[in-house]
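Open the model in your viewer and keep the sequence panel beside it. The tour moves from one selection to the next.

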Amino acid sequence: RGQVSIDRIEQILAVPPTIVDRPDARPLPVVRGELEAHGLTYTFSDSEQPALRDIDFTIRPGETVAIVGSIGSGKSTLANVLPRLVEVSPGQVFLDGYDVTELELDDLRRAIAYVPQESFLFSMTIAENIRYGRPEATEEEVVAAAQKARVDAEIRDFPQGYQTLVGERGITLSGGQRQRVALARAFLIDAPILLLDDALSSVDNQTAEDILKQLARGSERKTIIFITHRLTAAAATDRILVMERGTIAESGSHIELLRENGLYRRLWDQQELEEVLL
């Protein structure tokens with residue numbers, strides 16, 4: 001079994017990456033956290049219809065922005081574009097005024113802590129999983145990150161606390177606990193930009209709102225892009241971008257969008273009705 005596993009790993013490592021540094025790639029200086037898109041358009045190779053169409057936005061340093069929309073509206077594709085997990089043409093996406101396609105990949109991805117909905121936890125202790133991005137982090141730093149992610153108290157309830165083995169893919173933990181451990185991992189990295197792609201979908205509304213409000217109150221605020229289908233959590237952010245069929249259909253605060261009586265208002269009313277029926 002070990003030999004077969006090694007063979008598989010070697011096959012993966014032998015595949016040349018499709019996204020690499022340009023020959024003239026530049027390092028990224030101190031990151032402020034401003035993100036911009038100008039006419040952003042992206043089409044998957046196996047599709048004729050663009051997943052993203054002519055998107056424009058500016059996210060200011062320290063701003064918390066929610067991105068909402070129905071399934072298939074392009075939210076996750078947009079999340080993958082920002083750290084160049086999918087490649088876009090030059091002149092469309094910028095970090096602090098630098099075209100992301102011109103930046104060194106290591107620098108770009110070090111500036112963005114990305115937490116997907118299904119984060120992978122290894123068959124190690126909870127502490128080791130949180131330390132994954134910073135193996136040298138102290139015990140105090142690990143605990144502080146878990147407290148920010150609102151999972152410290154639950155970890156301490158386990159008989160072995162932070163030394164509890166989580167099992168393959170985090171099977172020992174509930175869905176919400178797995179997501180918050182992954183969030184703690186991102187907090188420990190302490191990148192200037194935090195990108196959450198439905199990363200609190202299994203966390204209750206109150207806890208999700210508490211986490212977002214705590215981040216917004218921090219003395220050193222991060223730029224936060226919060227992709228979610230739960231509008232009650234999105235309502236606590238500075239601004240909301242509403243996506244529809246690969247475009248940004250509406251933009252504004254929760255109150256502003258409710259007053260517009262457009263797509264966001266319809267989504268909000270639909271979600272409230274579903275909660276009443278449940």
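Contact here means heavy atoms within 4.5 Å. This is a predicted model, in which local features need pLDDT of at least 70, side-chain atom pairs count only at pLDDT 80 or more, and totals for chains, interfaces and linings use all residues. Residues are numbered from 1 along each chain as its sequence is written, and side-chain values use heavy atoms, with hydrogens and water left out.

**Stop 1: Asn 129**

Select Asn 129. Helix α4 (residues 126-130) holds this residue. Helices are DSSP runs of H or I with at least four residues, strands are runs of E with at least two, and both are numbered from the N terminus. Is Asn 129 buried or exposed? Asn 129 counts as buried because its relative accessibility is 0%. The cut-offs are under 20% relative accessible area for buried and over 50% for exposed, with partly exposed in between (1.4 Å probe, protein chains only).

Now show its surroundings. Neighbours within four places in sequence aside, Asn 129 contacts Leu 121, Phe 122, Met 124, Val 166, Val 181 and Arg 185.

**Stop 2: helix α7**

Select residues 175-189, which form helix α7. Its 15 residues reach 22 Å from first C-alpha to last, close to the 21 Å expected at 1.5 Å a residue. That expected span is 1.5 Å times one less than the number of residues. Colour by burial: 12 of the 15 residues are buried. Among them are Val 181 and Arg 185, both contacts of Asn 129. Step on to Asp 190, which follows α7 and has a positive phi, near 60 degrees.

**Stop 3**

Which strands does α7 touch? First trace the open sheet, ordered β6-β7-β8-β3-β9-β10 with mixed pairing. Its edges are β6 (112-115) and β10 (247-252), each pairing on one side only. Neighbouring strands are turned by 15 degrees against each other on average, direction ignored. α7 packs on this sheet, touching β6 and β7 (193-197), and its direction makes about 175 degrees with that of β6. Axes are lines fitted to C-alpha atoms, for helices over the stretch in contact; angles run from 0 to 180 degrees between N-to-C directions.

Two strands pair if DSSP finds at least two bridges between them. Pick Leu 241: its bridge partner in β10 is Ser 251.

**Stop 4: the sheet of 4 strands**

Finish on the open sheet ordered β2-β1-β4-β5, with antiparallel pairing. Strands β2 (52-59) and β5 (98-99) are its edges. Inside, β1 (residues 35-42) and β4 (residues 93-95) share 3 bridges. Select Glu 36 and find its partner in β4, Phe 94.
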